[in-house]
Amino acid sequence: MYFFFLIKLFLQVKVNHLKRSKTNNMKIALLSAFAILTFSGCTKNYPTVNQVFSAVYTVQASQWAKGTDPDGTVFYSTTLSVPELDQTIDLNGGVLTYLSFDDPTSANPTYEAMPEVFNGIAYGSIHTTGSVTIDLRGADGSSLTSAISAPTLIKVVLMDAAPLGN
């Protein structure tokens with residue numbers, strides 16, 4: 001009988017050890033999972049956020065210069081000095097232009113994105129390092145007889161960007 005008692009005691013100890021071992025294994029597994037999630041470096045590497053800049057220019061009626069294409073078509077243009085438009089923006093970023101015929105003193109002007117065709121006139125823009133040129137042309141290819149006769153608001157938006165690396 002003593003022998004059976006020892007076997008029973010041994011089995012109880014073994015069962016208790018297994019139960020504790022299971023509990024300990026679970027604790028260790030949960031702690032390990034927590035540690036992995038905490039210290040795994042869940043950081044995302046985003047490229048540097050570049051900047052967007054804008055300025056509004058008032059173009060007076062006298063600032064529109066008359067030009068003639070090689071085929072004799074008359075157009076008008078004005079060039080804005082934009083020193084912030086550097087070579088990095090010119091090559092990798094973006095330049096957006098907007099036009100408003102609202103009074104320059106208006107607190108809430110309405111802007112139209114260029115290129116734009118309005119009343120038979122095509123409004124466009126081109127840019128290079130340091131400047132933006134706005135031009136007015138006949139939408140049907142005809143010559144213009146005059147430029148804009150009132151002050152005009154031109155908004156220039158510069159978007160700095162890094163090359164994608166492709």
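**Exercise 1. Find which residues Val 117 touches, leaving out those up to four places away in sequence, and decide whether Val 117 is buried or exposed**.

Solution. Begin with contacts, where contact means heavy atoms within 4.5 Å: not counting residues up to four places away in sequence, Val 117 touches Ala 122 and Ala 139. Before going further, note that this is a predicted model, in which local features need pLDDT of at least 70 and side-chain atom pairs count only at pLDDT 80 or more, while totals for chains, interfaces and linings use all residues. Residues are numbered from 1 along each chain as its sequence is written, and side-chain values use heavy atoms, with hydrogens and water left out.

Then turn to accessibility, for which buried means under 20% relative accessible area, exposed over 50%, and partly exposed in between, with a 1.4 Å probe and protein chains only. Val 117 has a relative accessible area of 54%, and is therefore exposed. Finally, the C-alpha atoms of Val 117 and Leu 136 are 9.5 Å apart in space, although the two residues are 19 apart in sequence.

**Exercise 2. Trace how strand E7 is joined to strands E6 and E8**.

Solution. Two strands pair if DSSP finds at least two bridges between them. Strand E6 (residues 116-118) and strand E7 (residues 121-128) run antiparallel and are joined by 3 bridges; within this pair, Glu 116 stands opposite Tyr 123. The two strands form a hairpin with 2 residues between them, and Asn 119 in the turn has a positive phi of about 50°.

On to the following pair: E7 and strand E8 (residues 131-138) are antiparallel too, over 8 bridges, and here Tyr 123 has Leu 136 as its bridge partner. E7 and E8 likewise form a hairpin with 2 residues between them, with Gly 130 in the turn showing a positive phi of about 90°.

**Exercise 3. Describe the surroundings of Thr 133**.

Solution. Thr 133 is found in strand E8. Leaving aside neighbours within four places in sequence, Thr 133 is in contact with Ser 77, Thr 78, Thr 79, Gly 124, Ser 125 and Ile 126. With Thr 79 there is a side-chain polar contact of 3.0 Å, a polar contact being a pair of N or O atoms within 3.5 Å, of which, within protein, one must be able to donate a hydrogen and the other to accept it, and residues adjacent in sequence count only if both atoms are side-chain atoms.

**Exercise 4. Work out which residues touch the most other members of the largest nonpolar core**.

Solution. A nonpolar core is a set of buried Ala, Val, Leu, Ile, Met, Phe, Trp, Tyr and Cys residues joined through side-chain atoms within 4.5 Å. The largest has 21 residues, of which Ile 154 and Val 156 touch the most other members. Two or more residues each come from strands E1 (52-59), E3 (74-81), E4 (94-100), E8 and E9 (152-159). Among the residues that Ile 154 touches are Val 56, Leu 80, Met 114 and Ile 134.

**Exercise 5. State the strand order of the open sheet of 4 strands and find which strands stand at the edges**.

Solution. The order is E1-E9-E4-E5, with antiparallel pairing. E1 and strand E5 (112-113) stand at the edges, each with a single partner strand, so one side of each has no neighbour in the sheet. E4 and E5 pair over 2 bridges, and Tyr 98 stands opposite Ala 113 in E5.
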